[in-house]
Amino acid sequence: MSPCHDSTARRIEDLASLDLCSFKGETVVFDARVIAVLEPELSNQLRLELGVRGAFVQANVEAKTVTESAWAKAQKLTCESIVKIQGQVQPVRQDFGSCESKVCAMVNVTSLEVVAQASPNLPSFRSKELSAIGLEERLENRILDVRHAASGAIFKLHSGMCQLMVEFLCSHGFHWVHTPRIISATIPGDNEYFHLPYFGKNAWLAQSSQHHKQMALSMDLERVFEIGPVFRAEVKSSQSARHMTEFTVLDVAMAFQDDYHEVIELMEAMLVFVFQGLQQRQKYKKLVEVVQELYPSSRPFRVGLDEHGKVPRIPFLEAKRILREELGLDSDDDKNFTDEEEAALGRHFRESPHLGNTDVFTIDQYPAFMRQFNSQASPDSPGLSNTWDTIVGGREICSGSQRINSYEELCQAMRAGVCGPPMDPVDEKWQPYLAAFKAGMPRHGGCGLGVNRLLQGFLGLNDVREVTLFPRDVNRLKP
């Protein structure tokens with residue numbers, strides 16, 4: 001039997017979620033991490049600051065109340081070690097360090113067991129402001145970095161954000177599918193695929209699951225989504241704060257009844273649901289407050305809606321006009337938005353009451369030559385396409401389009417090469433994809449949403465690597 005175990009002790013699984021006042025005088029047992037070994041008042045006493053799932057607890061250890069062996073081990077404890085504690089709870093109203101939970105307690109220890117002794121002299125991030133630590137240093141010590149309250153809060157929010165997406169989509173009739181990340185065909189002219197030798201054949205890592213999602217729609221699944229990794233050989237990720245070579249994407253595809261704006265509106269509604277969930281649900285709201293307190297660049301996110309209660313939306317050419325005429329930038333209608341232009345539009349929407357004072361908005365009707373070959377041309381505006389981007393925090397986080405659903409039109413678009421080199425629809429590599437259209441494809445649209453970048457924009461952080469647990473870019477292949 002464990003020296004710390006007492007069958008009468010009450011086991012506490014999550015101190016942060018409990019009213020510790022109700023435990024006054026009770027004997028409890030729990031595992032905890034040693035945050036700090038505090039200066040003792042007497043030589044035969046030891047004070048430990050412990051972290052337990054978001055709560056900070058002070059443990060008072062006296063030589064006379066624990067075994068001789070436990071006392072000897074306690075005196076050699078190092079920060080970041082894991083201990084099993086048994087003792088009586090004394091609730092207090094005092095904060096120990098920076099933590100996402102303000103619920104704290106004092107425990108008079110009656111038994112202590114060292115579960116895992118941490119190495120001495122580990123790098124310490126807990127006592128430092130994150131702004132004083134370089135991101136590269138933090139990534140090199142990611143395990144210790146994420147134990148910092150603010151870093152840990154980010155990845156709990158990442159989990160919460162994904163849960164909210166799934167909650168919304170599943171409540172709106174979507175099916176969660178899983179598609180392959182190893183593919184046999186690439187788009188001509190796109191040189192950012194990772195090649196993968198595959199049992200004597202050529203294969204590549206997928207940049208998107210779009211084609212397989214379209215196949216799923218042809219199977220009459222009607223509404224599908226998945227959340228997973230995609231890969232892109234982004235050379236600029238060595239310098240960019242918004243690009244990586246591996247990142248997480250929410251991919252969505254759905255059949256619509258009347259107009260592709262049904263897809264846009266559903267995705268915008270999902271974003272509002274996610275943002276409001278993160279801001280209003282107590283368990284996420286506390287985490288957001290921790291990040292905003294400890295990250296200087298973070299700021300409250302604004303969800304401004306128009307007079308119809310929807311996310312503001314403007315056409316591509318109107319966004320270009322705003323850049324030139326209202327913001328004084330030299331922006332070309334024949335070129336996509338630069339990072340600087342997106343940031344400028346983001347500031348403009350946030351600061352303009354007539355645009356909603358919002359951090360989220362959509363740009364619609366992009367020129368056809370800027371979008372993928374299977375994007376539907378706009379029937380009312382020659383040269384434009386039924387495509388859109390959603391901007392969050394001054395960065396594009398979502399690109400989508402109405403996809404061509406006619407087999408004949410798709411073959412024509414492939415041959416035309418509107419946005420890249422022509423493709424031969426007779427080529428064998430395209431037959432599995434085109435089979436879905438030969439069998440009858442419903443009218444549909446879809447989008448890919450960068451999950452990491454979405455959280456970055458919501459929190460207002462400077463680098464997408466800050467919201468990626470184990471980022472990958474040109475320079476980073478570990479940990």
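**Figure 1. D220 sits in the loop between α5 (210-218) and β11 (223-231).** Helices (H or I, at least four residues) and strands (E, at least two) are DSSP runs, numbered from the N terminus. This is a predicted model, where local features need pLDDT of at least 70 and side-chain atom pairs count only at pLDDT 80 or more, while totals for chains, interfaces and linings use all residues. Residues are numbered from 1 along each chain as its sequence is written, and side-chain values use heavy atoms, with hydrogens and water left out. D220 isn't a glycine, yet its phi is positive, about 70°. Its relative accessible area is 60%, so D220 is exposed; exposed means over 50%, buried under 20%, and partly exposed in between (1.4 Å probe, protein chains only).

**Figure 2. E222 belongs to the loop between α5 and β11.** Here is another residue other than glycine with a positive phi, this one near 70°. For background, most residues other than glycine have a negative phi, and most peptide bonds are trans. Is E222 buried or exposed? With 53% relative accessibility, E222 counts as exposed.

**Figure 3. K478 and P479 are joined by a cis peptide bond.** Omega for the bond from K478 to P479 is near 0°.

**Figure 4. Three antiparallel strands make an open sheet in the order β8-β10-β9.** At the edges are β8 (182-183) and β9 (195-198), each pairing on one side only. Strands count as paired if DSSP finds at least two bridges between them. β8 and β10 (residues 201-205) run antiparallel and are joined by two bridges. Which residue of β10 is the bridge partner of I183? That would be W204. As a reminder, strands of a sheet pair through backbone hydrogen bonds, either parallel or antiparallel.

**Figure 5. Helix α4 covers residues 149-171.** From first C-alpha to last, the 23 residues of α4 reach 32 Å, close to the 33 Å expected at 1.5 Å a residue; the expected span is 1.5 Å times one less than the number of residues. Because 17 of those 23 residues are buried, α4 is largely enclosed by the rest of the structure. After α4 comes G173, with a positive phi near 80°.

**Figure 6. The chain is divided into domain 1 (10-116) and domain 2 (135-467).** These bounds come from an automatic or database domain assignment. The C-alpha centres of domain 1 and domain 2 are 45 Å apart.
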